Amino acid sequence: MNELIRTLTQAWGPTSYEDGIRSVITRELDSLHLDYKVDALGNLIYCIVAPGKPKLLLSAHMDQIGIIVTHVDKDGFLRFGAVGGLDPYKVLGHRFVFANGTVGVAAVESKDHKTLEHLTLDKLFLDIGSASKDDAVLHVAVGDFAVYAGDCVQVGNRVTSAALDDRIGCYVLIEALKAAAAKELNYETYAMFSVQEEIGIKGAKVGAWGVQPDLAIALDVTAWGDTPESYVLDIGLGKGPAIKVKDAGMVATPAVRDLLIETAKNHGIPFQLEVLQGGTTDAAAIQTNASGVPTGVISIPDRYVHSASEMVDLGDVEGCIRLLVAVLLK
Amino acid sequence: MEQTSIELLKKLTEARGISGHEDEVAAILRTELEGHVDRFERDSIKNLFAIKGMDKPGPNVMLNAHMDEVGLYVTHITKEGYLHIGKAGGIDDRLLLGKKVLVGKDRLPGVTAIKAVHLSTHEETSTTVIKADDIVVDVGAKSDKELAGKAAVGDQITFDTAFGTFGDGYLVGKAFDDRVGCAIVAELLKTDWPFSIIGMFSAQEEVGTKGAMVGAWRYPPDISITVEGTIAADIGEVKDYQEVSSLGAGPVLTIKDGGMITDHRLRNQLIEVAKASGLPWQFKRMPAGGTDARSIQLAKAGVRALAVAVPARYIHSPVSLIKISDYENTSALLSKFLAQLATTEA
Amino acid sequence: MHKLVEQLTSAYAVSGDERRLHDILRSALGDITDEIHDTPLGNLIAIRKGRSSEHAILFAAHLDEVGAWVTRINDRGFLGIHCHSVDERVWPGLQVVVHGNDSLPGIIGLKPVHVMSHDEMDKPVAPDELWIDVGLPREQVLKLVPIGSTVTFSAGISHLMNERFSGKTQDDRLCGVALVQALELLKDVTLPYDVVMAFTVQEEITGNGAWTSGYVAHPDVGIAVDVTHADTDGVPEHKTIPLGGGPGIAVGPVVNDHVLELIRKSAKAVEIPTSEEPCMAYSGTDADELQLVGSGIAAGVLSIPLRYMHSPVETADQVDVDRTARLIAEIAKGFDAAFIGELYGTDKH
């Protein structure tokens, strides 16, 4: 099991509470001695200066989806709302963990089966094993956040865990920096580990303003189309990095898309082309900065996105790292 | 509550101003703040800025409230002199029948029509929601010609609701969302703080927090506090976990709403101030709704933003309710927070 | 506008509470009537005596307004209601008054959208999901608001263009004003027979006021003065009469032929435009009961055109009120021996 991937996925960091994952990343990159800053919203932005060269902004988001406690009832059950896109069917039955380690199980009001036919988040509640409100409030409070609980596990050449969206993107960016940072780069490179992507690509928007890049590439997960009766999408695990053509928030700038395709071909990296109908990434926010930024995305195919057990292929991950490094280096 | 505050709130809530028509409210605020701030500015979207102390050291602090209220506007005038309506902001269609309104710049009294019950079937009244598109305002005109110069397409239509006391320590009126915020920000602007304050009374919040977006671009602050009138659903048979906030439980602090997550550290500082001062407070207990803060937060390189609100029942409707103690406590909390900001590093 | 319009329409009296209006009326009727009685159910009968009391013509306007009754109080101190004859879609967003031990202002509000299920907004709020907020804790509400307390729309008249005006309870207090205005017009006129103005109770729910007023006054002719539907945007023309087009006159089995003739003749005499409205077995007014009291009363119906009936924004035209008052006065003058002769088929009375 790749320990860095595990550490990254297990760092507690729902949208807006990215301190923990930020520390993991700064610790991991400490030995590279790169300059970095943390901006007003908490984006972690590394800078590898190269005067005279075009500015490239790379972005992978640190935050993961989660829940926020809205109510503690008299029997100690918790009601909650979503932080990021949460499908109630993907929440039901799963465990969530709070910053202080408290664990809860998401269960459903079960008066009648109709509830399950049109399941909504407000019909669910969290059971943290308390017998009463008095006990529950010793462990949690209204306003507390929690994330999917569960270990990161290797299965064959694949890894399954919560939060691969987008800790696997962070991993790709970290590994690319390790491989390339000390060398001569094609760009003045800003590596941004962004915040608050899951509730509206917010960190990327302000981060891009602070950098004012000439070019940008985001690293995020994309969906899949290779499981039984799955949504029609021509992406599969094990077929290499996906180069984004279009998603619901943007059309990848053709020049950047083509740069990625050419680079992949020149380095013998198998790749796929991605058209995603639902969902977007930091790239959409960066692309509209100032007078516009040519932007593309290297996507890691990811099964069961926004569930407690997402799944990526380590070969695809390796391919993404190689592709990014090839873009950075001569 | 101070008589002057009550009077200001009465003036502000009875003033008329749907999105795009904020002039009357802006005029009241200018008059109120004349002599208390260094300068006023208005921009192309008609935000009103009231600015003081820009030469002072320390953080640039923005205090923000929006001037526009949810209402209606004239979409068409029929030959018979009836006015068709559109919604200016989000309002439940089911609130619109049989209500008294004021139309256009001359405050023409009118009523939203509701067919006599005898002319409808039981089936109709129990299953059909009449949408705004199908509702007209009757101002007593006999033809469209009579309305020349009095009412025109695009004119604002506001609810004719008087401000007053209600029940046990409540205030009733329209547009507490967000004239209550305007009143509180105006009062805070009357104090001289040791740092710069950008008072941004924004326009067009109700139709997409548009004023705040460009206003914060013009004057991006270090810290921003949006003061709102927010949802309290401690009413009827609403379940306790769906109340969002409760009247009487103090200022409502947003952690997450439908638009953004506030700055955790600033909010925790605010809570520390509340605790130290013995002031009540509550969290917004549902991640729903949205405020100017979501647009301010994303201006340029990002702003550390807070959203604090007076809880209000029945916002976005002809008549709503706040509790006097919540108004006072929200005002006091923000005042003490600013005082504490002056002495510590945020 | 007669000052009585504001006074009467802003007073609160749902069916059963009509006595609350007696003082206002007595004060208005003081020097234009000879006798005023009230009846066990709360009708107010005002008599302007004629040269002979052998015959009487009665005009009836009802005092009660539509509204609701408090049926339950929940844990929050909010009031649940049962309402009658009101389009329930009007209540959300309305200011109301609750008539318990005190009159309390209330608000009927809606749940915010975030708290509703996805198809809730597409349906009107069910009546048992309407709740009145009076801004008081439950313990106080229990003391102040007995179950069964009545609930009305809030008072207040909006003055529109063209002398039109809007507010609650034009149905039927506006007609009450017309009766008083008619008496004012007849102040110095000698009348052949008695003219009885009956301010009746419970028209909106049972018609019991008309029954009992008719019994007490035992008039020969009983004309209900009520409201009818005025032209309304979206309603087919044939279901309404023009606002500002003068009073409506009902035509049909409820209306006695001679009474109809008297009404038509009187309208012509004072040059008032009118609209004739057909009805079959029932007119929906006090005339339906009056016609069947005792051995029968010759009945008729006059109507003031009104938009948005049974809502807080009922809308009338002042000119119609004035015309109706003048018509009533003219009819009263025409209720003479000759008419009685026609009515009973002989002229020796």
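The model is predicted: local features need pLDDT of at least 70, side-chain atom pairs count only at pLDDT 80 or more, and totals for chains, interfaces and linings use all residues. Residues are numbered from 1 along each chain as its sequence is written, while chains are lettered from A and ligands numbered from 1 in the order in which they are written.

**Chain B overall**

- Chain B holds eight helices and 17 strands. Helices (H or I, at least four residues) and strands (E, at least two) are DSSP runs, numbered from the N terminus.
- The C-alpha trace of chain B spans about 65 × 45 × 40 Å along its principal axes.
- Of the 346 residues of chain B, 61% are buried. Buried means that 20 or more other C-beta atoms lie within 10 Å of the residue's own, with C-beta atoms placed from the backbone.
- Among contacts in chain B with a separation of 6 or more, 77% join residues 24 or more positions apart. Two residues are in contact if their C-beta atoms, placed from the backbone, lie within 7 Å.

**Domains of chain B**

- Domain 1 of chain B covers 3–69 + 174–343, and domain 2 covers 71–159. The bounds come from an automatic or database domain assignment.
- The centres of the two domains of chain B, taken over C-alpha atoms, are 31 Å apart.
- Across the boundary, 11 residues of domain 1 of chain B are in contact with 12 residues of domain 2 of chain B.
- The domain 1 side has three nonpolar, four polar and four charged residues. Ala, Val, Leu, Ile, Met, Phe, Trp, Tyr, Cys and Pro count as nonpolar, Asp, Glu, Lys and Arg as charged, and the others, Gly among them, as polar.

**Contacts between chains**

- Two pairs of chains touch, and chains B and C have the most contacts.
- The B–C contact takes 53 residues from chain C and 54 residues from chain B.
- On the chain C side, β7 (103–108), β8 (131–133), β10 (158–159) and β11 (164–167) each supply at least two residues.
- That side of chain C has 24 nonpolar, 17 polar and 12 charged residues.
- Chain A and chain C share no contact; their closest C-alpha atoms lie 9 Å apart.

**Helix α4 of chain C**

- Helix α4 (residues 170–185) of chain C has 16 residues and reaches 21 Å from its first C-alpha to its last, close to the expected 22 Å. The expected span is 1.5 Å times one less than the number of residues.
- In α4(C), 14 of the 16 residues are buried.

Terms used: Buried ≥ 20, exposed ≤ 12 C-beta atoms within 10 Å, placed from the backbone.
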